Amino acid sequence: MDLRETLRPDATLSALTQGYAWIPDLLRREGGAPVPTRFLGRRAIVLHGVDAARFFYDERHVVRRAALPGPVVDTLFGRGAVHTLDGESHRVRKALLVSLLKDEAAVGSLAESAGTEWDLASRSWAASTRTELFSETARVITRAVCSWAGMPIGDDEVPAVADDLVAMADGFATAGPRHWRARQARARQEARIAELIEAVRGDAVPDEDGAPRGSALRAVALHQEAGGRPLDTHTAAVEVLNIVRPTAAVAWYLTFAAHALHRWPQHRDALRTGDPAYAEAFAHEVRRFYPFVPFLAGLAAADVRYEDAEIAAGTLIVLDVYGHQHDPALWPHPYAFDPARFAAGPPADPYALIPQGGGDAATGHRCPGEDVTIALLATLAVRLARLEYEVPPQDLSIPLSRVPTRPADGFVINVRSAPEG
């Protein structure tokens with residue numbers, strides 16, 4: 001199969017209307033991957049499976065530069081972000097983020113802070129007749145991560161900042177109002193953080209007041225690129241935001257965790273014990289089972305070959321993620337929610353479980369914030385399981401046509417009582 005000779009109708013509309021179901025449906029019709037197609041107006045090929053993920057994350061085969069559509073960059077990642085880099089530039093910038101996001105003590109500190117914020121917030125929920133878990137979790141995490149990153153915010157600022165962080169993730173894969181809210185949210189937060197960057201560089205923010213040594217804000221503000229150049233203020237703000245923003249996305253996963261505990265309450269008692277191994281296994285299964293990232297894309301770095309497909313340089317290479325996480329060849333009974341499949345930890349193969357990318361986070365394009373996601377989700381899921389609440393009638397459907405999706409009503413709960421922590 002030579003993709004240079006293969007023309008197909010453009011699949012962009014199908015992807016937008018089918019969402020997470022687009023690639024699984026395509027692979028069923030075609031009898032498996034690879035599948036040539038057209039996407040976003042360019043020649044493309046859809047890949048699936050562990051070997052495909054290994055191929056996709058090899059920079060000899062696939063590059064990210066210019067692969068991301070402008071609307072995604074302008075909402076989710078920001079112009080000049082590490083996600084748009086390759087080669088040495090990517091490695092130097094990625095090393096900074098890895099040093100901040102994969103430090104065990106730092107990750108533990110953030111998770112502990114989020115737990116404390118949850119304990120405080122959940123006691124107030126008990127006084128309310130209605131708590132939307134998604135939005136409240138986003139606020140809990142926003143307060144914790146902003147303080148941890150060296151830029152604490154006041155109580156009156158938390159709702160607006162949390163809404164902006166959520167909007168950036170909620171509007172990257174769509175057109176219309178959600179997309180424009182995402183653009184506006186990113187512009188607001190980049191401008192706010194740029195002022196903090198300039199303050200750090202001008203020593204206007206003392207170490208003990210907002211940007212302590214070792215904080216993400218200070219580390220990014222003082223970072224030097226290859227050749228000893230500091231980041232320009234805008235790019236520095238982009239990268240600080242790319243440390244803070246993804247943590248708010250854990251609100252999606254925590255809401256999915258609530259959905260799982262509602263559908264399969266037998267897991268609640270095991271979570272309540274606070275056993276770290278079980279909490280982490282539960283977190284891995286939430287990330288595997290529930291939909292968040294539908295697929296990833298890059299560009300063929302040169303004329304390359306994958307299995308029997310000859311792929312021309314510049315071809316868009318699309319890696320199935322949602323279908324990968326539900327492939328029965330990888331996950332027996334993939335539509336059963338079963339944390340026990342991770343009782344011994346995540347798979348040894350770094351290309352098997354890929355909700356936040358595959359390969360090595362330190363050297364490749366796997367998300368360096370994955371440890372943060374797991375720690376936050378495990379910490380908050382235990383507290384969720386210990387919370388006494390009722391789930392009133394509501395729409396708990398999870399529409400696969402919406403990206404990113406979540407329970408339609410945000411998962412509303414009536415909290416009866418909250419433990420002291």
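Strand β8 (residues 316–320) is largely enclosed by the rest of the structure, because five of its five residues are buried. Buried here means under 20% relative accessible area, with exposed over 50% and partly exposed in between (1.4 Å probe, protein chains only). Strands (E, at least two residues) and helices (H or I, at least four) are DSSP runs, numbered from the N terminus. The model is a predicted one, in which local features need pLDDT of at least 70 and side-chain atom pairs count only at pLDDT 80 or more, while totals for chains, interfaces and linings use all residues. Residues are numbered from 1 along each chain as its sequence is written, and side-chain values use heavy atoms, with hydrogens and water left out.

In a regular strand the side chains alternate between the two faces of the sheet. In β8, L316, V318 and D320 point one way, I317 and L319 point the other way, and all are buried.

Strand β8 belongs to an open sheet of five strands with mixed pairing, in the order β1-β2-β8-β5-β3. The edge strands, β1 (35–39) and β3 (62–63), each pair on one side only. Two strands count as paired if DSSP finds at least two bridges between them. Strands of a sheet pair through backbone hydrogen bonds, either parallel or antiparallel.

Strand β2 (residues 42–47) pairs with β8 in the parallel sense over four bridges, and A44 has L316 as its bridge partner. Strand β5 (residues 295–300) runs antiparallel to β8, joined by five bridges. There, L316 is the bridge partner of L299. Two bridges join β5 to β3, again in the antiparallel sense, and V63 stands opposite L299.

Next comes a pocket. On a 1 Å grid over the protein atoms alone, a pocket is an open set of points with protein on both sides within 12 Å along at least five of seven lines, and lining residues have an atom within 4 Å of a point. The second largest pocket holds about 300 Å³ of space. Its lining has 18 residues, and those closest to its centre are P346, R366, E370, D371 and I374. Helices α14 (276–289) and α15 (370–386) each give two or more residues to this lining, with the largest share, four residues, coming from α15.

Elsewhere, V92 sits in helix α5 (residues 87–101). Its C-alpha atom is separated by 25 Å from that of I374, 282 residues apart along the chain. Leaving aside neighbours within four places in sequence, V92 is in contact (heavy atoms within 4.5 Å) with H223, Q224, E225 and A226.

Definitions and conventions:
On a 1 Å grid over the protein atoms alone, a cavity is a set of points where a 1.4 Å probe fits but cannot get out, and a pocket is an open set with protein on both sides within 12 Å along at least five of seven lines; lining residues have an atom within 4 Å of a point. Grid points are joined across faces, edges and corners, and a volume is the space filled by probe spheres set on the points.
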